[in-house]
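Take your time with each one before reading on.

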Amino acid sequence: MVANKEQFLERIDTGIPGFDEMLGGGFYKGTINVVTGETGTGKTIFGSQYLGSGLQKGEKGMCIVTSEMSDFVKKEMYTSFGWDFWKLEESGDLVFVDVTDPELRLQKAVELAPMELIKSFRKLIDRKIGEEKPRRVFIDSIEALFLAIESKYRLRTIVDDMFDVLRGHGVTVVVSSGTMFGISEAVEYGADSVTRLGRMIAGNNLQRTIYVAKLRGSNTSNEIRVLNISNKGLSVLKQSPYLGSTG
Ligand SMILES: Nc1ncnc2c1ncn2[C@@H]1O[C@H](COP(=O)(O)OP(=O)(O)O)[C@@H](O)[C@H]1O
Ligand SMILES: [Mg+2]
């Protein structure tokens with residue numbers, strides 16, 4: 001698959017100003033990069049911005065939405081930032097795959113065993129990525145698929161298997177995972193990099209935070225930085241969040 005060592009070193013920009021330098025130069029090409037955080041911390045924006053950055057350079061993107069119709073993601077990005085994913089989809093530069101896909105809907109409708117849904121999902125993304133050949137893939141969010149898997153061991157095996165399918169295509173993937181159901185641990189374990197988004201109390205305000213929890217094979221920043229969301233999307237500020245005293 002990978003022919004020479006230069007290819008191992010190739011980095012892909014995240015599209016988030018200030019964040020590539022925290023990673024020592026971006027994500028490694030062909031790897032699985034997990035972004036975790038509570039609801040509302042910016043995971044969907046992160047992945048969308050990552051795809052958007054590639055699109056600007058003519059790199060085809062694929063957005064796989066597991067827990068809702070992809071129209072909701074398109075609408076969120078349009079009303080928040082004016083990013084027109086409908087238009088990009090029309091031109092064929094961006095491909096959406098979502099839960100309304102007939103292959104998955106069938107499984108959902110009859111509420112078959114969770115493993116059946118996971119197997120169908122695995123097959124679907126394997127086929128779609130093979131057909132469309134995107135350079136960047138964003139999966140938002142992975143935990144929705146794994147909610148019914150009770151054994152941690154089973155979960156790890158399933159996650160590893162899913163990630164191996166993705167790695168087999170050589171695409172660079174961002175996977176978001178919510179922290180609510182205790183699943184993100186297993187997802188983080190199998191990933192090549194982990195970025196954590198959060199919120200901290202700073203004085204009388206909430207401050208958004210970002211840090212790199214792991215990046216296999218690279219030097220990374222150990223700092224926690226402030227994550228800013230504006231009408232242009234996410235950016236990482238140079239400063240660390242101010243920790244207000246509780247006393
Ligand atoms: N234009 C904007 N300016 C500032 N903040 C915004 C803007 N658009 C969205 N947000 C913030 O981003 C949050 C949503 O981020 P999102 O990526 O959907 O979170 P997650 O996917 O982690 O649940 C919103 O709750 C809102 O606080
Ligand atoms: Mg989201």
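Predicted model: local features only at pLDDT ≥ 70, side-chain atom pairs only at ≥ 80, totals over all residues.

**Ligand and helix packing**

Q: Which polar side-chain atom lies 2.8 Å from an oxygen atom of ligand 1?
A: Threonine 41 uses a polar backbone atom, 3.2 Å from an oxygen atom of ligand 1. The side-chain atom at 2.8 Å belongs to lysine 43.

Q: Are α2 and α3 roughly parallel or roughly perpendicular to each other?
A: The axes of α2 (residues 43–56) and α3 (residues 70–81) come within 11 Å and cross at roughly 85°. Angles from 65 to 115 degrees count as roughly perpendicular. The two helices, α2 and α3, are therefore roughly perpendicular.

Q: How many charged residues are in the contact of α2 with α3?
A: From α2 come Thr44, Ile45 and Ser48, which meet Val73, Glu76, Met77 and Phe81 of α3. Four of the contact residues are nonpolar and two are polar, and the number of charged ones is one.

Q: Is α6 roughly parallel or roughly antiparallel to α8?
A: Helix α6 (residues 114–132) packs against α8 (residues 152–167) with axes 10 Å apart and an angle of about 15°. Because angles under 35 degrees count as roughly parallel, α6 and α8 are roughly parallel.

Terms used
Residues numbered from 1 in each chain as written. Chains lettered and ligands numbered in written order. Heavy atoms only, no water. Axes fitted to C-alpha atoms, helices over the stretch in contact; angles between N-to-C directions. Helix = DSSP H or I, 4+ residues; strand = E, 2+ residues; numbered from the N terminus. Parallel < 35°, antiparallel > 145°, perpendicular 65-115°, else oblique. Polar contact = N/O pair within 3.5 Å; in protein donor to acceptor, adjacent residues only side chain to side chain. Contact = heavy atoms within 4.5 Å. Nonpolar A, V, L, I, M, F, W, Y, C, P; charged D, E, K, R; others polar.
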